[in-house]
Amino acid sequence: MGKLTIGCFSSLVGSLSLDFAVKLSEAAVKKGHSVDFWVSSNATMLSKKGQRAFKDYSALAKTLQELFATGKFQATACEACAEARGYGKEDTMEGWKRHSMDWYLASTFSADRVLLIGGD
């Protein structure tokens with residue numbers, strides 16, 4: 001199986017880019033691929049712990065926990081983007097890493113496929 005690197009650059013509101021990127025990651029892992037998942041800009045809020053699920057509102061934390069448990073998925077949030085939004089390492093959900101964009105760029109070099117999602 002191969003390695004997929006996904007970079008998600010989600011906008012502030014009204015975007016389904018993040019939902020799509022997580023669902024695509026889930027499908028790839030279920031098929032046996034490994035996924036490196038990078039979020040920056042407003043998408044870094046996905047890595048913040050203490051999120052609550054609401055009815056009829058996108059909640060991805062449970063899906064991410066299940067993906068982490070497979071051992072074929074790793075997710076990293078842009079550290080500068082997270083700090084700029086007011087939360088530090090201690091506020092980051094278990095399983096997530098925080099690095100600068102060089103982590104994402106390094107992952108792309110060893111990937112079989114690279115997708116950039118969002119940026120709208």
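Reader: Why is A84 called exposed?

Author: The relative accessibility of A84 is 64%, and a residue is called exposed over 50%, buried under 20% and partly exposed in between, with a 1.4 Å probe and protein chains only as the setting; A84 therefore counts as exposed. A84 belongs to helix α3, residues 79-84, where helices are DSSP runs of H or I with at least four residues, strands are runs of E with at least two, and both are numbered from the N terminus. The C-alpha atoms of A84 and R98, 14 residues apart along the chain, are separated by 13 Å.

Reader: What kind of model do these values come from?

Author: This is a predicted model, in which local features need pLDDT of at least 70 and side-chain atom pairs count only at pLDDT 80 or more, whereas totals for chains, interfaces and linings use all residues. Residues are numbered from 1 along each chain as its sequence is written, and side-chain values use heavy atoms, with hydrogens and water left out.

Reader: Why is β3 described as largely enclosed?

Author: Of the 6 residues of β3, 5 are buried, so β3 is largely enclosed by the rest of the structure.

Reader: How do you know that β2 and β3 are paired?

Author: Two strands pair if DSSP finds at least two bridges between them, and 5 bridges join β2 to β3, which run parallel. Within this pair, V39 stands opposite A77 in β3. A parallel pairing, over 6 bridges, also holds between β1 and β5, and there the bridge partner of I6 is L115 in β5.

Reader: Which order do the strands take, and why do β4 and β5 count as edges?

Author: The 5 strands form an open sheet in the order β4-β3-β2-β1-β5, with parallel pairing. β4 (96-99) and β5 (113-118) each have a single partner strand, so one side of each is left without a neighbour in the sheet. From one strand to the next the twist averages 20°. Helix α4 (residues 101-109) packs on the sheet, where it touches β1, β2, β3, β4 and β5, and its direction makes about 145° with that of β1; such angles run from 0 to 180 degrees between N-to-C directions, with axes fitted as lines to C-alpha atoms, for helices over the stretch in contact.

Reader: What makes a group of residues a nonpolar core here?

Author: A nonpolar core is a set of buried Ala, Val, Leu, Ile, Met, Phe, Trp, Tyr and Cys residues joined through side-chain atoms within 4.5 Å. The largest has 23 residues, and those with the most contacts inside it are F37, F73 and W96. Two or more residues come from each of β1 (3-10), α1 (17-30), β2 (34-41), α2 (61-70) and β3 (73-78), and α1 gives the most, with 5 residues. F73 touches S25, V29, V35, F37, L64, L67 and F68, residues up to four places away in sequence not being counted.

Reader: Is L4 buried or exposed, and what does L4 touch?

Author: L4 has 11% relative accessibility and therefore counts as buried; its place is in strand β1. Leaving aside neighbours within four places in sequence, L4 is in contact with A28, S34, V35, D36, R113 and L115.

Reader: How do you know that the radius of gyration agrees with a compact globule?

Author: The radius is taken over C-alpha atoms, and the globule rule is 2.2 Å times the number of residues to the power 0.38. With 120 residues, a compact globule would have a radius of gyration near 14 Å, and the protein chain has 13 Å, which agrees.

Technical notes
Contact means heavy atoms within 4.5 Å.
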